Amino acid sequence: MIDLAETIRTIPDYPKPGILFRDVTTLMGHPSAFEKAVDEMAAPWRETVVNQVVGIEARGFVLGGALAVALKAGFIPMRKPGKLPFDTISEDYELEYGTDALHMHVDAIDKDARVIIVDDLIATGGTALAAIRLARRANAKILGASFLIDLPDLGGADHLRNENIKVNTLLSFEGH
């Protein structure tokens with residue numbers, strides 16, 4: 001039996017002192033762990049119709065693409081500014097030290113599509129909330145959000161739940 005938590009590398013003091021970075025690329029490089037993670041992330045959605053999976057740059061692309069295949073849904077990338085070649089809409093969000101934005105092609109999400117938001121990790125929830133706002137602006141019906149890891153001390157999953165978003169996570173790590 002594979003323990004998913006044991007396949008995730010923890011890097012102390014990255015990107016700054018006091019942070020414990022949870023590196024999911026080690027899980028993704030382990031075929032059995034990756035398969036198990038995708039299967040478990042897809043499980044809550046298998047009994048409902050999911051039209052499109054939105055993956056947040058960059059590790060959310062890997063997980064979101066795999067979930068889209070598992071759920072027989074389309075995949076929609078949400079990217080940082082300047083990365084998409086066609087007309088985009090964007091949503092700004094706050095970071096600890098400044099702002100950033102997510103972009104999506106204007107025609108990416110089908111009207112009234114049933115969508116889930118996917119990323120590797122939820123920390124403060126700012127990026128996920130921006131993705132949800134952007135998808136809603138495209139008239140998507142947000143079914144929920146799925147993450148490999150929750151950092152509950154930072155409260156992001158609770159912020160999504162406060163917005164009536166169903167949140168599914170596989171693992172929880174204390175600290176930052």
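A pocket is an open set of grid points with protein on both sides within 12 Å along at least five of seven lines. In this predicted model, the largest pocket holds about 1100 Å³ of space. Its lining is made up of 31 residues. Those closest to the centre are Leu 95, Leu 121, Ala 123, Thr 124 and Thr 127. Four elements each supply at least two lining residues: β2 (20-23), β5 (88-95), β7 and α4 (126-137). Strand β7 gives the most, with 4 residues.

Strand β7 spans residues 114-122 and includes Asp 119. Asp 119 is buried, yet this residue has no salt bridge. The nearest side chain of opposite charge belongs to Arg 59 and is 6.0 Å away. A salt bridge requires a side-chain nitrogen of Lys or Arg within 4 Å of a carboxyl oxygen of Asp or Glu, so a separation of that kind must not exceed this cut-off. The side chain of Asp 119 does reach a backbone atom. The nitrogen of Gly 60 lies at 3.4 Å from that side chain. Contacts of Asp 119 with residues beyond four places in sequence include Met 41, Ile 56, Leu 63 and Ser 146. Arg 59, Gly 60, Phe 147 and Leu 148 are also among them.

Arg 59 pairs instead with Asp 120. The closest N and O atoms of this salt bridge are 2.7 Å apart. Arg 59 lies in helix α3 (residues 59-71) and Asp 120 in strand β7, so the pair ties together parts that are 61 residues apart in sequence. Arg 59 is partly exposed, with a relative accessible area of 32%. Asp 120 is buried, at 5%.

Side chains of opposite charge can pair when their charged atoms come close. The count of salt bridges in the model comes to 10. One of them joins Lys 36 and Glu 40, at 3.9 Å from N to O. Both residues lie in helix α2 (residues 31-42). They are 4 residues apart, so about one helical turn separates them. Lys 36 is partly exposed, with a relative accessible area of 22%. Glu 40 is also partly exposed, at 33%.

Another salt bridge links Asp 158 to Arg 161. Here the closest N and O atoms are 3.2 Å apart. The two residues sit in helix α5 (residues 156-162). Their spacing is 3 residues, which means a separation of about one helical turn. Asp 158 counts as partly exposed, at 46% relative accessibility. Arg 161 is partly exposed as well, with a relative accessible area of 39%. Salt bridges also form a network, in which Glu 91, Arg 133 and Arg 137 are linked.

A polar atom of the Thr 7 side chain lies 2.7 Å from the backbone oxygen of Leu 4. Leaving aside residues up to four places away in sequence, Thr 7 touches Ile 2, Thr 26, Leu 27, His 30 and Ala 33.

How values were computed: Residues are numbered from 1 along each chain as its sequence is written. This is a predicted model: local features need pLDDT of at least 70, side-chain atom pairs count only at pLDDT 80 or more; totals for chains, interfaces and linings use all residues. Side-chain values use heavy atoms; hydrogens and water are left out. Buried means under 20% relative accessible area, exposed over 50%, partly exposed in between (1.4 Å probe, protein chains only). Lys and Arg count as positive and Asp and Glu as negative; His and the chain ends are not counted. A polar contact is a pair of N or O atoms within 3.5 Å; within protein, one must be able to donate a hydrogen and the other to accept it, and residues adjacent in sequence count only if both atoms are side-chain atoms. Contact means heavy atoms within 4.5 Å. On a 1 Å grid over the protein atoms alone, a cavity is a set of points where a 1.4 Å probe fits but cannot get out, and a pocket is an open set with protein on both sides within 12 Å along at least five of seven lines; lining residues have an atom within 4 Å of a point. Grid points are joined across faces, edges and corners, and a volume is the space filled by probe spheres set on the points.
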